[in-house]
Amino acid sequence: MEPSQSDVPTAQPGSPTLDDSTLRAYCEAVFERAPVAVLLHRGALIRYINAAGREFLGAVSQDQLIGRPILDIVDPEMRPLALERLQKGMAERFESVPPTDEKLMRLDGQTREAEVTAWVIPGGSEPSILVTLQDITPRRQTEEALHDSEERFRGLFEDAPIAYHEIDI
């Protein structure tokens, strides 16, 4: 069964919280020039994303992402795992959720791979979750190319009509 936005946990009502405009201003002051993608979500909706994050997800402006469900940027195959991590982090009030590799969806539909790290920021009736995304797509492509090269090289030796011998001197 596909997870839905209603499956994403929220905190208990009660204590005050920063309004979205104050939260966005704080994030812009701290994270806008960071070289790594940073986003903040609360109530399972994206509340802030920096320039590197917008570029990573293929957005021209924040308006394309602000207010969207956080699960919208997760590849459909990865959503159950992402939801499980989110629920566990919120339920156990982790200071940080251990990094994991996830497939994310850009606005143009392309899939990118990222190392995702998250921190629960307590406060108010709904805690916020700060997320960093490190693009690992180029690393994955390099690993795949290396693997293919090794397979071709191995095939040359295994299928060679003559014997080869290597001596280390």
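Trainee: pLDDT is the predictor's confidence in each residue, from 0 to 100; which element of the protein chain has the lowest mean pLDDT, and which the highest?

Mentor: Helix α1, residues 20–31, has the lowest mean at 78, whereas α2 has the highest at 96. Helices here are DSSP runs of H or I with at least four residues, strands are runs of E with at least two, and both are numbered from the N terminus. This is a predicted model, in which local features need pLDDT of at least 70 and side-chain atom pairs count only at pLDDT 80 or more, while totals for chains, interfaces and linings use all residues. Residues are numbered from 1 along each chain as its sequence is written, and side-chain values use heavy atoms, with hydrogens and water left out.

Trainee: And the chain overall, what's the average pLDDT?

Mentor: The protein chain averages 82, with 86% of the residues scoring at least 70. Over residues 8–16, however, pLDDT stays under 50, and for that stretch the model has 23 contacts beyond four places in sequence, a contact being heavy atoms within 4.5 Å.

Trainee: OK, the fold. In what order do the elements run?

Mentor: There are four helices and five strands, and from the N terminus on they follow the order α-β-β-α-α-β-β-β-α. Of the contacts in the chain with a separation of 6 or more, 52% are between residues 24 or more positions apart. Of the 169 residues, 36% count as buried, that is, under 20% relative accessible area with a 1.4 Å probe and protein chains only, as against over 50% for exposed and in between for partly exposed.

Trainee: Why is β1 described as largely enclosed?

Mentor: Six of the six residues of β1, which spans residues 37–42, are buried, so the strand is largely enclosed by the rest of the structure. A37, L39 and H41 point one way from β1, V38, L40 and R42 point the other way, and all are buried.

Trainee: Which way does β1 pair with β5, and over how many bridges?

Mentor: β1 and β5 are antiparallel over six bridges, pairing being called where DSSP finds at least two bridges between two strands. On its other pairing, β1 runs antiparallel to β2, residues 45–49, over four bridges. R42 takes part in both, standing opposite S128 in β5 and opposite L45 in β2.

Trainee: What's in the turn between β1 and β2?

Mentor: The two strands form a hairpin with two residues between them, and G43 in the turn has a positive phi of about 65 degrees. A44, which also sits in the loop between β1 and β2, has a positive phi of about 65 degrees although it is not a glycine, and A44 is buried at 5% relative accessible area.

Trainee: Switching to voids: how many cavities are there of 30 Å³ or more?

Mentor: Two, a cavity being a set of points, on a 1 Å grid over the protein atoms alone, where a 1.4 Å probe fits but cannot get out; a pocket is an open set with protein on both sides within 12 Å along at least five of seven lines, and lining residues have an atom within 4 Å of a point. The largest cavity has a volume of about 270 Å³, counted as the space filled by probe spheres set on the points, which are joined across faces, edges and corners. Of the 20 residues that line this cavity, H41, A82, E102, V116 and V131 are the closest to its centre.

Trainee: Which element gives the largest share of that lining?

Mentor: α3 does, with five residues, and the elements that give two or more are β1, α3 (79–91), β3 (97–105), β4 (111–121) and β5. By class, the lining of the largest cavity has 16 nonpolar, two polar and two charged residues.

Trainee: And the second largest pocket, what is its volume?

Mentor: About 150 Å³. Its lining includes P35, A52, F56, R106 and D135, and α2 (51–57) and β5 (128–135) each supply at least two of the lining residues.

Trainee: Last one: is T117 buried or exposed?

Mentor: T117, in strand β4, is buried, with a relative accessible area of 12%. Not counting residues up to four places away in sequence, T117 touches V97, P99, L130, V131 and T132.

Methods. Ala, Val, Leu, Ile, Met, Phe, Trp, Tyr, Cys and Pro count as nonpolar, Asp, Glu, Lys and Arg as charged, and the others, Gly among them, as polar.
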